[in-house]
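Please have your viewer ready.

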Amino acid sequence: MVVDHKFFMALAIQEAWKYQGLTYPNPAVGCCVLGEHGEILAVEAHHKAGQPHAEVNALQQAYYKLTNDSYILALSDSLDIHTHLLQNHQGIFKNCSLYTTLEPCSHYGKTPSCANLIAELGIQEIYVGSYDTNVAAQKGNMILQMNNIEVYSEIMMKECDALLEPFKKFLESSFVFFKWAQRLDGSSDDGIISSQDSRKNVHAMRDVCDLLVIGGNTVREDRPTLDARLVDGKAPDVLIYSREKEFDRTIALFGVEGRKVFIENDFSKIKEYKNIMIEGTENMYNLTKDIVDYYLCYLAPNANNFEVLNTTQESQDIIMWMKKRI
């Protein structure tokens, strides 16, 4: 394995993908901070809109590693972390380097500017994957360069752009992703498929998405709630794709307070929303293939009672080592 700039950027990319679908209306971003001897001090990501950005989370962890000052770990507000770092860093980041999948933000929005923070901490080398297309936040690289920081751009840009694509779609029009769950034997029916943690992940996505699309037959057969109760989140509006308008209104999804439920025989309603999740199986997959941007699959081994030992990717194939549970 070659340990180079791509290696460290790949760590940041991998961490950011864990939060894809959870950061709307912000982009999913990852960050890696190295110490003066090239040691990894932190690999972090942006977790949720309004919370600290990836660079701040990574610098928080790196500061703790360098100082053992546990007080900073108790801070969760971005401004508080910024302030503590600026008041107490004493030049410890001078010989550190930072990798980020997206150029640091330049403006003070819900959180302070990451570009300004990095510049004031005295970090000398920044490696950036892709450019921010949000006019309000872009040109963070320029701020860094104006502070005599070496900025190396377009590191693994293709991979960083793939991570950033949903955010670009939010800005331009809307982002549509199709989610489904299936077992290793290909089945996708007969009750719960995914693990509790995976279901929490889906509920967290529902909490931030604007609209959830589902087929009429699924509603009638499964009688779902389609809320975000596992994360105490809000329930998105629902579009039921169906040629028939009549539904049993005691089905749980109709009783969720504050949500709108539409029953339509086309998908034009999607144009009124920004972040759309479609849930379904093969029929819905085929119906929506021309409007979906990304696909998300939860592959569960429980049908065959397997324990997954390792998962890797070779070209387009996912390779899994497993053993039967005792």
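The report below covers the basis of the model, then the cavity, then the helix.

## Basis

This is a predicted model, in which local features need pLDDT of at least 70, side-chain atom pairs count only at pLDDT 80 or more, and totals for chains, interfaces and linings use all residues. Residues are numbered from 1 along each chain as its sequence is written, and side-chain values use heavy atoms, leaving out hydrogens and water.

## The cavity

Searching the whole structure gives 1 cavity of 30 Å³ or more. Here a cavity is a set of points on a 1 Å grid over the protein atoms alone where a 1.4 Å probe fits but cannot get out, and lining residues have an atom within 4 Å of a point. The volume of the largest cavity is about 80 Å³, counted as the space filled by probe spheres set on the points. It has 15 lining residues, and Gln 20, Gly 21, Thr 23, Pro 166 and Phe 170 are the closest to its centre.

Helix α6 gives the most to this lining, with 5 residues. By type, the lining has 10 nonpolar residues, 5 polar and no charged, with Gly counted as polar and Cys and Pro as nonpolar.

## Helix α4

At the N-terminal end, Ser 113 caps α4, with a side-chain oxygen 3.3 Å from the backbone nitrogen of Ala 115. Just after the helix, Gly 122 has a positive phi of about 85 degrees.

How values were computed:
1 Å grid on protein atoms, 1.4 Å probe; cavity = no way out; pocket = protein on both sides within 12 Å on 5 of 7 lines; lining within 4 Å. Helix = DSSP H or I, 4+ residues; strand = E, 2+ residues; numbered from the N terminus. Polar contact = N/O pair within 3.5 Å; in protein donor to acceptor, adjacent residues only side chain to side chain.
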